[in-house]
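Colleague: I would like to learn how to read the fold of a model like this one, starting from its elements and ending with its overall dimensions. Could you take me through it step by step?

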Amino acid sequence: MNNVKADGFKVIGIAVRTTNENNRAATDIGALWERFMKEDILNAIPGKVDNTIFSIYTDYEKDHTKPYTTVLGCKVENLKHIPDGMVGYSFDGGNYIKFTTKGDLSKGLVINEWLKIWEMDLGRIFTADFEVYGEKAQNPSDAEVDILIAVK
């Protein structure tokens with residue numbers, strides 16, 4: 001875990017409004033990933049900077065215990081052309097704490113890291129937190145995923 005300064009960026013992708021209550025996010029976010037893969041959303045995003053996939057948590061009603069929006073998408077040059085059925089978001093940069101988790105994605109790698117994060121007193125501001133699935137996340141059984149948490 002280390003402190004980083006993130007630049008602002010724009011993203012286009014697909015989204016779902018969900019909550020961690022009653023384990024609903026696990027179902028909703030799983031279905032979002034399934035749609036992302038099945039509909040080949042990655043290749044339908046116009047003007048993307050690269051193929052890094054971002055899973056972004058934003059529009060928090062209060063904190064991680066209340067409803068929020070999850071966006072799956074890629075960084076783009078601009079938000080001029082957002083395809084039907086997709087969303088576009090612009091995020092400000094800011095101060096983040098970066099966690100890097102390594103292992104098997106199919107064995108709860110990312111959610112297990114989130115369970116630890118939720119227990120920590122990080123000074124979270126609940127603007128936009130994100131997971132980064134870059135080149136090191138291509139092998140699902142030996143993946144490396146960065147999780148960035150917005151802080152004061």
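Colleague: How many helices and strands does the secondary structure of the protein come to?

Modeller: In this predicted model, the protein has three helices and eight strands, and along the sequence these elements follow the pattern β-β-α-α-β-β-β-β-α-β-β.

Colleague: In what order do the eight strands form the sheet?

Modeller: The order in the sheet has to be read from the pairing, and here the eight strands form an open, antiparallel sheet in the order β1-β6-β8-β7-β3-β4-β2-β5. Its edges are β1 (2-6) and β5 (87-91), each of which pairs on one side only, while neighbouring strands are turned by 35 degrees against each other on average, direction ignored.

Colleague: Which strands does helix α1 lie across, and which does helix α3?

Modeller: Helix α1 (residues 24-38) lies across β2, β3, β4 and β7, running at about 130 degrees to β2, whereas helix α3 (residues 109-119) lies across β3, β6, β7 and β8, running at about 30 degrees to β8.

Colleague: What radius of gyration would a compact globule with 152 residues have, and what does the protein have?

Modeller: A compact globule with 152 residues would have a radius of gyration near 15 Å, and the protein agrees with this because its own value is 15 Å. Along the principal axes, its C-alpha trace spans about 40 × 30 × 30 Å, and 45% of the residues count as buried. Among contacts between residues at least 6 apart in sequence, 72% join residues at least 24 apart.

Key:
Residues are numbered from 1 along each chain as its sequence is written. This is a predicted model: local features need pLDDT of at least 70, side-chain atom pairs count only at pLDDT 80 or more; totals for chains, interfaces and linings use all residues. Side-chain values use heavy atoms; hydrogens and water are left out. Two strands pair if DSSP finds at least two bridges between them. Helices (H or I, at least four residues) and strands (E, at least two) are DSSP runs, numbered from the N terminus. Axes are lines fitted to C-alpha atoms, for helices over the stretch in contact, and angles run from 0 to 180 degrees between N-to-C directions. Contact means heavy atoms within 4.5 Å. The radius of gyration is taken over C-alpha atoms; the globule rule is 2.2 Å times the number of residues to the power 0.38. Buried means under 20% relative accessible area, exposed over 50%, partly exposed in between (1.4 Å probe, protein chains only).
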